[in-house]
Amino acid sequence: MTQVNNDVIYLKDYLSPAFLVHSVALTFDLEPHQTRVHSLIQFERNSKREVGLPLVLHGVDLKLISVAVNGTPLSESDYQVTAEQLVITQVPNAFELAVEVEIDPANNTSLEGLYRSNTMFCTQCEAEGFRKITYYPDRPDVMAAFTTKVIADKTEYPVLLSNGNPIDKGELDNNRHFVTWQDPFDKPAYLFALVAGDLQVVEDSFITMSGRKVALEIWVEPENITKCDHAMASLKAAMTWDEEVYGREYDLDIYMIVAVNDFNMGAMENKGLNIFNSSCVLARPDTATDGAFQRIEGVVAHEYFHNWSGNRVTCRDWFQLSLKEGFTVYRDQCFSADMNDEAVKRIEDVAMLRTAQFAEDAGPTAHPVRPDHFIEISNFYTLTIYEKGSEIVRMIANLLGPDLFRKGSDLYFERHDGQAVTVEDFIAAMADVSGIDFTQFMGWYSQAGTPTLSVSGVFNHDLNQYTLTIKQQTAPTKGQANKQALHIPVKVGLLNAVGEDLPLTLSAGDASGAQGDTDRVLHLREAEQSFVFENITEEPVPSLLRGFSAPVKLSFDYTQDQLLHLMQHDSDGFNRWDAGQRLAIAALKEMIGQFESGEMPTLNPVLIEAYRGLFDAGLEPAILAEMLVLPGEAYLSEQFDIVPVDGIHACRNIACKTLAQALTVELEQAVNDNQLSGDYRPVAEDIAKRRLKNTCQSYLMALETESAVERSWQQFNQSDNMTDVQAALMQLVHSKQDEKANAALEIFEQEWQQDALVMDQWFQVQASRPHPDALARVKALMEHSAFSLKNPNKVRSLISVYCNQNRANFHSIDGLSYQFLADVVLTLDEMNPQIASRLITPLTRWQKMDGKRQKLMQAELQRVAAANLSKDLFEVVQKALP
Ligand code: TRP
Ligand code: ZN
């Protein structure tokens with residue numbers, strides 16, 4: 001690893017580029033260890049900047065072969081090369097720069113820049129990977145037309161791809177050939193892509209709304225050619241949806257997706273040539289679970305949607321990352337909601353936000369949706385930028401309503417097509433079409449941390465009034481001690497005693513929606529505000545934050561009866577589910593209290609009866625399945641200042657067993673009623689039935705009765721789809737039925753050892769196994785021939801799953817798992833800094849643990865900090881140190 005500086009970059013220091021690029025012609029001569037990259041770049045001084053500035057280009061891990069300006073070779077005294085830059089002091093106002101460099105893709109384990117995955121070459125340039133390919137102004141506000149000639153051995157790399165359209169190809173000496181690609185759209189370097197390999201293609205086509213035919217191609221390694229259908233169907237659905245919902249049409253004649261096994265993230269939206277983690281493209285009913293099918297649908301759509309929200313209109317600088325990511329996540333969430341069950345999609349998205357993003361907001365790496373400084377931008381591809389960013393766009397969409405939001409997005413795309421812009425430009429478009437004042441709302445972009453709303457309700461019988469008083473408060477985060485009040489839209493309803501929504505008439509308080517509606521949006525702008533509802537003749541039960549109308553924590557002193565009432569009657573599906581979660585959290589907290597004082601924890605019978613009631617409430621299977629799941633250990637941890645890890649784990653298990661015992665009849669009935677026959681279909685209706693059946697069966701397996709074990713074993717052996725096979729495998733492996741568990745693992749391994757993605761599931765099932773020997777097993781599995789620290793999917797499946805989802809073991813009081821994680825992170829940092837700095841996350845969350853664990857975790861962080869670290873890991877560790 002090249003020694004680099006750890007300078008902090010600030011948003012306030014932004015300056016427009018000193019030089020603009022008109023066009024770039026690249027020639028790649030591909031060899032695993034010695035690839036030559038030749039570039040011809042047409043530069044022009046930016047008239048907005050001072051005269052006479054030097055040309056400063058980014059470049060990392062490059063071997064400079066030659067430099068010429070306007071055809072004249074430069075000598076070494078004409079320029080300076082540092083670890084991160086090439087500086088040429090004297091250049092004309094407009095000139096052509098020719099540079100040749102040599103790079104070593106085969107030794108590039110960072111998976112950034114040009115690298116090898118199996119036998120292919122591929123690239124990942126976002127955010128700042130292009131500088132590992134050649135010297136260039138590697139910043140998103142420098143946009144240029146790219147032409148790329150790719151030269152390689154014809155036998156090993158018959159397929160040569162880059163952005164745009166192929167314009168030339170031919171044969172060369174020594175069994176080599178070339179293809180030249182031209183991208184007619186100006187783009188920043190982060191959207192550059194190149195792929196070379198022995199790949200096969202699945203082809204289809206799409207006719208756009210203006211009648212143009214677009215060739216669609218999914219390129220994969222030959223053994224994966226039978227796993228592309230779902231991604232192709234998803235792509236076409238996404239193209240149609242973006243035309244119908246946003247009026248956005250695709251712009252090139254060809255759209256390519258390539259699946260690669262070694263990839264740091266989910267996928268990348270390179271212009272015309274998306275590169276995907278194979279886990280986000282490849283699926284067949286027998287190899288991929290329902291979850292994987294849905295993730296593929298969402299990620300394919302996400303990358304496609306970036307063609308407008310990201311590529312045609314891009315970011316001025318990386319502080320604006322959420323401009324493209326938050327908006328694009330919002331778009332993909334709405335798409336998935338339209339393709340599947342809307343309420344379930346919302347529940348899943350919010351559950352993820354509330355567990356993982358809220359934890360990030362409460363931890364040492366908390367940052368605003370638009371950060372104002374960073375050391376390494378790769379560290380900011382976070383849940384805050386993506387998921388909280390999407391919640392902000394959702395609030396804007398709700399504030400405007402569908403018609404104005406569409407007008408606003410049309411205006412944004414038209415006004416800024418071909419530009420690199422800022423969050424303010426997006427907001428200005430929304431303000432211009434609606435007249436809404438977003439001044440206070442901008443705090444959502446600048447302020448880190450999750451606001452807490454404390455709500456109280458007072459019923460006045462004499463005046464027939466119900467008053468909601470809402471206080472907002474955001475805890476200080478690093479570098480932001482004092483938080484301002486935000487503009488928070490709180491959607492509410494009031495239920496009467498029989499569970500009907502009351503018509504709402506507000507006498508005081510700022511709200512939107514018509515008087516008499518049963519939903520109103522309260523606009524909280526002050527630290528504390530009251531809202532008075534008129535004509536309320538009985539004490540109502542408030543349904544607050546309907547649809548999760550803002551990314552906040554909400555506390556209201558609900559009684560058990562009020563929660564039961566909401567759980568049964570709320571017309572808002574999300575809040576019905578959330579009432580069940582609140583009731584379960586209260587019951588589990590009660591048990592954890594008993595556990596901590598040495599009593600035998602017992603589950604409150606009210607929860608048992610509430611769950612029993614769900615079975616004949618006439619719920620859709622999808623909603624019933626969601627409502628039957630107890631809050632996970634991670635979300636439960638969020639409910640405490642100091643996490644009682646062991647209590648949470650033990651009590652949740654006891655609660656599952658108690659429910660299984662009390663509801664055996666209902667659970668068995670649901671298992672039997674939701675068996676599917678016929679071919680597997682990844683459609684919402686069938687997914688819901690499988691989910692419900694498998695949820696109920698895992699409750700039954702908590703008791704490990706002979707019949708339950710036998711049913712899981714049969715399902716494991718007889719199912720033809722991976723959803724059911726995986727669910728049964730999980731049930732067996734997480735039980736105490738060692739013999740059947742080991743037999744199932746072995747059968748599975750024998751059948752799937754050649755399939756990397758299926759083996760990822762095999763690792764996951766074992767990494768999350770709650771047994772006390774889990775760490776030993778994880779260590780042993782690291783020696784398995786299917787495991788490799790160089791492959792991010794493997795690291796995530798085994799090590800991340802263990803450290804994040806096997807909480808009781810990871811936090812084992814012997815500290816051995818902390819030590820293990822620190823060791824792995826240190827090894828990994830030398831290969832892949834991006835993955836190392838993500839992997840260390842659980843160790844950075846020591847603030848939430850008890851004193852003894854805090855000390856153990858801090859000691860490991862200190863040990864990591866003492867090593868020579870990448871920028872990525874350095875930034876995270878120095879924030880996390882006490
Ligand atoms: N822009 C990509 C997306 O959200 C994210 C991405 C893919 C990425 N690969 C990356 C970000 C590597 C940083 C590093 O769709
Ligand atoms: Zn994205």
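Reader: Which residues are the protein donors of the zinc ion (ligand 2)?

Author: A donor here is an N, O or S atom within 2.8 Å of the metal (3.2 Å for Na, K and Ca), and since water is not among the atoms, sites may look incomplete. For the zinc ion, the protein donors lie 1.9 to 2.7 Å away. They are His302 (NE2), His306 (NE2), Glu325 (OE) and Glu325 (OE).

Reader: Good start! Before we go on, what kind of model is this?

Author: Residues are numbered from 1 along each chain as its sequence is written, chains are lettered from A and ligands numbered from 1 in the order in which they are written, and side-chain values use heavy atoms, leaving out hydrogens and water. Local features need pLDDT of at least 70 and side-chain atom pairs count only at pLDDT 80 or more, while totals for chains, interfaces and linings use all residues, because this is a predicted model.

Reader: What is the arrangement of the donor atoms around the zinc ion (ligand 2)?

Author: Four donors count as tetrahedral if all angles lie between 85 and 135 degrees; four count as square planar and six as octahedral if opposite donors are over 155 degrees apart and all others between 65 and 115; anything else is irregular. The zinc ion has 6 donor atoms around it, and they subtend angles of 47 to 160°. That makes the arrangement irregular.

Reader: Are His302 and His306 buried or exposed?

Author: Buried means under 20% relative accessible area, exposed over 50%, and partly exposed in between (1.4 Å probe, protein chains only). His302 has a relative accessible area of 7%, and His306 has 0%. So His302 is buried, and His306 is also buried.

Reader: Which residues are closest to ligand 1?

Author: A residue counts as near a molecule if one of its heavy atoms lies within 4 Å of it. Ligand 1 is surrounded by 15 residues. The closest are Glu126, Ala267, Glu269, Glu303 and Tyr386.

Reader: How many Å separate a polar side-chain atom of Tyr386 from an oxygen atom of ligand 1?

Author: A polar contact is a pair of N or O atoms within 3.5 Å; within protein, one must be able to donate a hydrogen and the other to accept it, and residues adjacent in sequence count only if both atoms are side-chain atoms. For Tyr386 and the oxygen atom, the value is 2.5 Å.

Reader: Which residue is the bridge partner of Lys63 in E9?

Author: Strand E5 (residues 63-69) and strand E9 (residues 94-103) pair in the antiparallel sense over 6 bridges. The partner of Lys63 in E9 is Glu102.

Reader: Which residue meets Asp29 in a salt bridge?

Author: A salt bridge is a side-chain nitrogen of Lys or Arg within 4 Å of a carboxyl oxygen of Asp or Glu, and the whole structure holds 57 of them. The one at Asp29 has an N to O distance of 2.7 Å. Asp29 lies in strand E2 (residues 19-29) and its partner in strand E15 (residues 176-187), so the pair ties together parts 147 residues apart in sequence. The partner is Arg176.

Reader: Where do Asp349 and Lys345 lie?

Author: Asp349 and Lys345 form a salt bridge, with their closest N and O atoms 3.1 Å apart. Being 4 residues apart, they are separated by about one helical turn of helix H4 (residues 342-362).

Reader: How many residues of strand E27 are buried?

Author: E27 pairs antiparallel with strand E30 (residues 520-524) over 5 bridges, and 4 bridges join E27 to strand E32 (residues 541-544), also antiparallel. Strand E27 (residues 488-495) is largely enclosed by the rest of the structure because the buried count is 7 of the 8 residues.

How values were computed. Two strands pair if DSSP finds at least two bridges between them. Helices (H or I, at least four residues) and strands (E, at least two) are DSSP runs, numbered from the N terminus.
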